[in-house]
Every structure is written in C-alpha cells, then in structure tokens.
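I opened the model today to take notes on helices, cores and surface. My entries follow in the order I looked things up.

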Amino acid sequence: MRFRTQSSPHVIPAHSVGGVMQQVLMALVPGTLAMTWFFGWGVLVNVLLGVLFAVAFEAAMVAARKRPVMATLADNSAIVTGWLFALAIPPLAPFWVTLIGIAFAIIVAKHLYGGLGYNPFNPAMVGYVVVLVSFPREMALWPAPSTLPESPLTLLQTLQTVLTGSLPGAQAWDAVTRATPLDAMREGLVSGRTVGEITASPLFGSFTETGWEWVGNFFLLGGLYLLFRRIIHWHIPVAVILGVAIPAGFFWLLDPDSFASPAFHVFSGAVIIGAFFIATDPVSASTTPLGRILYGAGIGVLIFVIRTWGGYPDAVAFAVLLMNMVAPTLDHLTRPRIFGRTRGGPPSGDGRA
C-alpha cells in the first residue's frame with residue numbers, strides 16, 4: 001500500500017534501521033572480545049553459529065512470506081538477535097541448543113507476529129528462555145574463567161565440544177566447567193553460609209565475580225558508545241541499574257551476611273548487557289520518557305526479586321519479557337502532553353497553541 005506524502009514539516013530520523021543495528025553490533029564487540037578472553041573460544045563459535053542460523057531462518061521466513069529477502073536482511077536485525085542470543089548461552093552449549101533457540105526467536109517470536117517492528121517480546125530473550133527451561137543440563141555448561149582451569153580448551157577442542165556435545169578425550173565436565181558465581185551465591189545462602197564465606201571462593205574476584213566483572217565493564221563501554229551516538233536513550237539503562245542497585249543496597253545494609261552487595265548484583269551475570277543492549281530494544285520496550293524509566297525500573301526490581309527469592313540465579317531474560325508485557329500499557333498511561341492540548345487531549349485554554 002502506498003501512503004500519500006503529506007505536506008511538511010517532516011521528521012527525518014537520524015539513523016536508518018540498518019544503521020542503528022550496525023552501531024549496536026559495533027558496540028557489542030568490546031564485551032564479546034572480553035567474554036572470549038575470560039570464557040574461551042566457545043563465545044566466538046556461538047556468535048558465529050547464532051548469526052548464521054538467525055540469517056538463514058530470517059531469509060527462509062521472509063521468502064515464505066513473499067517479501068524481498070535481501071532488502072530485509074539488510075536491516076541487520078537478525079544478526080543482532082543471533083549475536084545477543086549467542087552471548088546469553090553457555091560457551092560450551094551444543095550447537096543444537098543454538099539452533100533451537102534461534103529458530104524459536106526468529107520464527108515464533110518475530111515473524112509469526114509480523115516481523116521486525118511488530119514483535120511484542122524481545123526475540124533473543126524468548127529463544128533464550130525456551131532453551132533455558134527445556135535444556136537445563138546443557139544451559140549449565142559454563143566454563144570456569146580463564147584464570148582457574150589448568151588446561152583450558154583449545155579452539156579445535158571447543159569446536160569438537162560444541163558440534164558433538166561431548167568433551168574431547170577423557171576430559172570430565174567438572175574439570176572445565178564451574179557453577180557461576182550467581183549459582184554459587186544462591187546455593188551458598190540457601191545452605192546457610194554467609195556472603196563473606198561464599199565470596200572467599202576463587203570464583204569471586206575483587207568485588208564481584210572473576211571474569212564477569214571485567215566483561216561487564218567492556219559491555220558498559222559499548223553501552224556508553226550507544227548513548228554517545230544517541231542510538232539509545234539513557235532512561236532505560238539507568239533505570240535498570242538503579243532498579244537492581246537500590247533494593248540490593250537496602251537489603252545489604254540491613255543484613256550484609258545474607259544479601260550480596262549492590263556492586264555484586266549490578267556487575268554479575270547479564271545486568272549490564274541487559275540494561276544497554278536488551279532492555280533497550282526499540283520494538284518491545286516502552287517509548288515515552290516516563291514509560292522508559294518505569295519500564296527499566298521494573299526490569300531492575302524484577303531481576304533482584306527473582307535472583308533473591310526466585311528459582312533462577314540470573315533473571316534478566318524473565319524480567320525483560322515480563323516488562324515487555326506491560327510496555328504498551330506504560331506507553332498509554334505516560335503519553336506526553338500534545339502541544340496546545342491538555343494531558344487528556346482537549347485543546348488547552350482558548351484552543352490556540
């Protein structure tokens with residue numbers, strides 16, 4: 001359908017969809033390289049597989065819908081989805097976990113709702129939650145940070161592990177994988193140990209987790225780049241981080257032996273990448289200024305609540321999807337006042353702007 005072009009003024013966006021996605025991909029590079037440094041070649045292998053699967057499923061679905069394939073692929077949204085999904089899963093997860101997660105993300109969460117711009121939920125997080133609840137064993141195969149194992153897997157050994165689902169030779173999973181610090185913290189507190197006793201483990205670094213604290217810093221660097229280029233607004237990342245830090249700080253001050261510090265919560269797991277790269281999805285997030293703040297704060301509070309009292313040690317995906325559900329209502333309730341009209345809509349004063 002062709003729409004008639006109305007008279008000026010027209011608002012010209014500063015970035016095209018493809019340009020926005022390119023900037024997001026560039027911003028993901030520092031954190032991805034840091035994650036590879038600490039957790040091995042499996043990170044890059046997963047990113048490569050995730051992008052290939054995402055582009056293939058995107059092309060197949062676009063062709064099935066009789067839409068121009070190359071023009072759609074040029075928006076780079078499938079690459080972003082595949083990349084983010086790959087960073088969320090363990091680096092040693094078998095390839096079919098990536099295949100199933102990406103298939104669900106692109107086919108069900110994206111194209112069955114109408115494609116880019118119509119999906120109510122973040123596709124990468126939908127795919128991640130599907131594999132998280134379906135394959136708990138495979139989703140627990142997080143390798144120990146590079147500073148802990150005596151003989152980390154080489155690139156060829158990593159490829160063999162990802163493609164076959166088995167470690168090469170006679171190696172045991174316990175020798176190359178560890179519980180994540182979030183898992184260790186949660187299990188330790190449940191068993192009655194104090195935070196100080198739990199963080200005495202070599203899994204924990206100077207203030208949060210060995211490896212993850214630096215990974216978070218590099219994703220933060222990429223997020224600041226997106227803010228500098230005005231690709232994202234500050235409201236959601238700031239609200240997410242404060243939404244985690246404020247309740248974490250409150251309970252930590254009340255009982256530091258039973259609750260981890262705000263720094264641990266912010267720089268552990270996927271909070272930083274979630275705040276800057278996932279929660280800011282322009283399609284499924286809230287769009288008004290006040291709505292963005294409420295949306296981000298809701299994600300942050302939900303992350304803390306689920307981590308502390310829920311069944312999963314990290315909760316970014318669940319928190320994002322739950323707030324995706326309320327984003328349209330937030331937008332409806334926080335619509336800015338139109339110039340010359342009251343907040344309810346009627347003309348203000350004598351009706352003149």
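This is a predicted model: local features need pLDDT of at least 70, side-chain atom pairs count only at pLDDT 80 or more; totals for chains, interfaces and linings use all residues.

Next I checked α11 itself. The helix runs over residues 212–228, 17 residues in total. From first C-alpha to last, α11 reaches 24 Å, close to the 24 Å expected at 1.5 Å a residue.

Which residues of α11 are buried? I listed W212, E213, V215, G216, F219, G222, G223 and L226. I then looked for what covers these buried residues, and found α1, α4 (77–88), α9 (181–190) and α14 (271–278) among the elements.

I turned to the nonpolar cores. The largest has 76 residues, and F277 and Y295 have the most contacts inside it. Another core lies apart from it, with 8 residues, including L182, A184, I198 and A260.

Setting aside neighbours within four places in sequence, I found Y295 in contact with I236, A279, S284, A285, S286, V320, M323, N324, A327 and L330.

I noted a nonpolar patch of about 710 Å², made by V29, L33, W41, L44, L155, L156, L159 and L163. Helices α1 (17–39) and α7 (155–164) each supply at least two of the patch residues. The largest share, 4 residues, comes from α7.

Where does W41 lie? I placed W41 in the loop between α1 and α2 (42–64). W41 counts as partly exposed because its relative accessibility is 40%, between the cut-offs of 20% and 50%.

Key:
Residues are numbered from 1 along each chain as its sequence is written. Side-chain values use heavy atoms; hydrogens and water are left out. A nonpolar core is a set of buried Ala, Val, Leu, Ile, Met, Phe, Trp, Tyr and Cys residues joined through side-chain atoms within 4.5 Å. Buried means under 20% relative accessible area, exposed over 50%, partly exposed in between (1.4 Å probe, protein chains only). Contact means heavy atoms within 4.5 Å. Patches are made of residues with over 30% relative accessible area and no salt bridge: like charges are joined within 9 Å, nonpolar side chains (Val, Leu, Ile, Met, Phe, Trp, Tyr) within 5 Å. Accessible areas come from the Shrake-Rupley method with a 1.4 Å probe; for residues, only the protein chains shown count as cover. A salt bridge is a side-chain nitrogen of Lys or Arg within 4 Å of a carboxyl oxygen of Asp or Glu. The expected span of a helix is 1.5 Å times one less than its number of residues.
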